[in-house]
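Hi there,

Here is the model I promised to pass along. Please have a look, and then read on for some notes.

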Amino acid sequence: MLPALTPRRRRRLRIVSRKGGRLALFVAGGLVVGAAAVGIAQLADHASALFAATTAGRPWLALLLTPLAFLASAFIARRWFPNSGGSGIPQAIAARRLHGLAARERLVSLRIAVGKTLLLAVGLLGGASIGREGPTVQVGASIMFAVGRLSPRRQPGLIMAGAGAGVAAAFNTPLAGIVFAIEEMGRSFDERTNGIVISTVIAAGLTSLAIQGDYTYFGTTGAALGGSWQGWLAVPLLGIAGGLLGGGFSRLLVLFAGGLPGRAGAALKRHPLVVATVCGLLVALCGLASGGAVFGTGYAQAQALVQGDGEVSAGFGVLKLLATLLSSVSGIPGGIFAPSLSVGAGLGSNMAALLPGAPAQALIVLGMVAYFSGVVQAPITAFVIVEEMTGDHHLVVPLMLASLIGFAASRLVCREGVYHALARNFVAAEAARSLPPPRGGA
């Protein structure tokens with residue numbers, strides 16, 4: 001016969017059982033996030049390919065399709081999926097800061113996850129300069145929030161874990177997913193949530209690997225600066241240029257999101273669908289000016305530059321930045337991750353033309369990390385994610401330097417990272433919602 005369990009052992013067994021059950025729940029959520037990330041990636045790729053096929057040989061069609069897609073996406077988002085607009089990362093950050101199930105559910109829910117996915121495809125069907133990674137973060141946070149209903153006290157940590165898992169599965173960058181969750185979502189390391197984050201990211205990453213196989217997002221490069229003095233000179237130059245441009249982009253985006261002052265700002269706020277349509281038309285014009293290069297996520301252009309088997313026009317980076325800003329200002333659902341990396345690749349290509357003695361592929365990768373760090377102001381995340389995307393271990397130190405310089409230069413233009421600045425708007429809106437209605441006057 002087995003010895004009878006003492007009350008103390010029974011308590012320990014119950015605790016271990018509960019912890020094991022929660023861990024299994026978190027891992028199951030991570031598996032779902034990974035599968036969702038793969039589905040979003042495939043849907044986005046098909047939508048972009050369909051737009052390219054539709055406008056092939058008929059570029060003028062973009063003048064019709066792009067504004068219509070922006071109008072449709074903005075209308076559907078406002079009518080049926082509120083708080084699904086934009087990147088999705090600010091919503092996930094704000095949800096962690098809020099208290100109460102209802103408040104969080106207005107920013108991260110399965111309903112919003114469905115709407116975000118569908119409307120991302122609508123935007124890409126119209127050639128919008130948006131990425132799928134930000135939406136994947138909000139979808140991941142929404143899935144883990146749903147899991148959190150079974151463990152309410154863990155909800156902030158689960159939202160953080162879902163966001164990190166979204167990044168990991170979207171880019172096949174598990175380390176970057178963990179760093180993003182800690183640096184950008186949490187802005188600190190919390191021992192109580194580290195196990196949740198790591199287990200969820202691992203589960204999401206394994207799901208992505210099982211479906212898509214092991215791959216490097218931009219392909220592996222052997223780029224290195226070596227002893228090239230021009231290459232090392234490019235590090236601070238790209239850091240400063242990328243940081244200032246990224247900070248400028250973020251400041252404009254935050255300015256428009258908060259509302260322009262005066263009558264112009266009031267008019268834009270009253271007519272959001274008109275704003276979305278006009279932004280769509282301007283994006284179409286940017287696309288025509290670039291020969292179609294700035295439409296979509298920008299992944300293909302950035303990958304070709306990183307691999308050294310593609311070229312872009314000298315104005316590609318600026319036009320891509322403008323198209324991404326217009327797409328973001330319009331309020332349609334879509335992220336800025338991949339478009340920002342594409343802008344940075346264009347910047348690196350421009351620097352390579354100015355410094356012909358420097359290795360062009362290395363400068364393109366450095367431009368990506370400098371600009372991206374300038375936009376998000378999360379230098380560790382920027383460095384880790386670009387390094388994992390390219391698998392380039394020869395550029396570790398230059399990438400770190402460019403990322404830190406980009407971060408410092410960006411702070412001269414924009415005081416706060418774009419995601420956290422935008423998250424404050426959602427927190428403020430929720431605070432205003434909870435205020436009692438004003439009393440009627442005499």
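Is the crossing of H10 and H15 left-handed or right-handed? The crossing of H10 and H15 is right-handed; the rule is that a near helix turned clockwise from the far one by less than a right angle gives a right-handed crossing, and anticlockwise a left-handed one.

A word on the basis before the rest. This is a predicted model, in which local features need pLDDT of at least 70 and side-chain atom pairs count only at pLDDT 80 or more, while totals for chains, interfaces and linings use all residues. Residues are numbered from 1 along each chain as its sequence is written, and side-chain values use heavy atoms, with hydrogens and water left out. Helices are DSSP runs (H or I, at least four residues), numbered from the N terminus.

**H10 and its partners**

The axes (lines fitted to C-alpha atoms over the stretch in contact, with angles from 0 to 180 degrees between N-to-C directions) of H10 (residues 229–258) and H15 (residues 337–354) come within 11 Å and cross at roughly 140°. In contact (heavy atoms within 4.5 Å) are residues including Ala234 and Leu238 of H10 and Met351 of H15. By class, this contact has seven nonpolar, two polar and no charged residues; Ala, Val, Leu, Ile, Met, Phe, Trp, Tyr, Cys and Pro count as nonpolar, Asp, Glu, Lys and Arg as charged, and the others, Gly among them, as polar.

With H16 (residues 360–376), the axis of H10 comes within 7 Å and crosses at roughly 35°, and that crossing is right-handed. Among the residues making the contact are Gly239, Gly242 and Gly246 of H10 and Gly367 and Ala370 of H16. The classes here are ten nonpolar, nine polar and no charged.

H5 (residues 110–125) has 16 residues and reaches 23 Å from its first C-alpha to its last, close to the 22 Å expected at 1.5 Å times one less than the number of residues. Just after H5, glycine 127 takes a positive phi of about 80°.

Serine 142 lies in H6 (residues 133–148). Its relative accessibility is 0%, so serine 142 counts as buried (under 20% relative accessible area; exposed is over 50%, partly exposed in between; 1.4 Å probe, protein chains only). Beyond its neighbours within four places in sequence, serine 142 is in contact with Val108, Ser109, Leu110 and Ala113.

Best wishes

Definitions and conventions: Helices (H or I, at least four residues) and strands (E, at least two) are DSSP runs, numbered from the N terminus.
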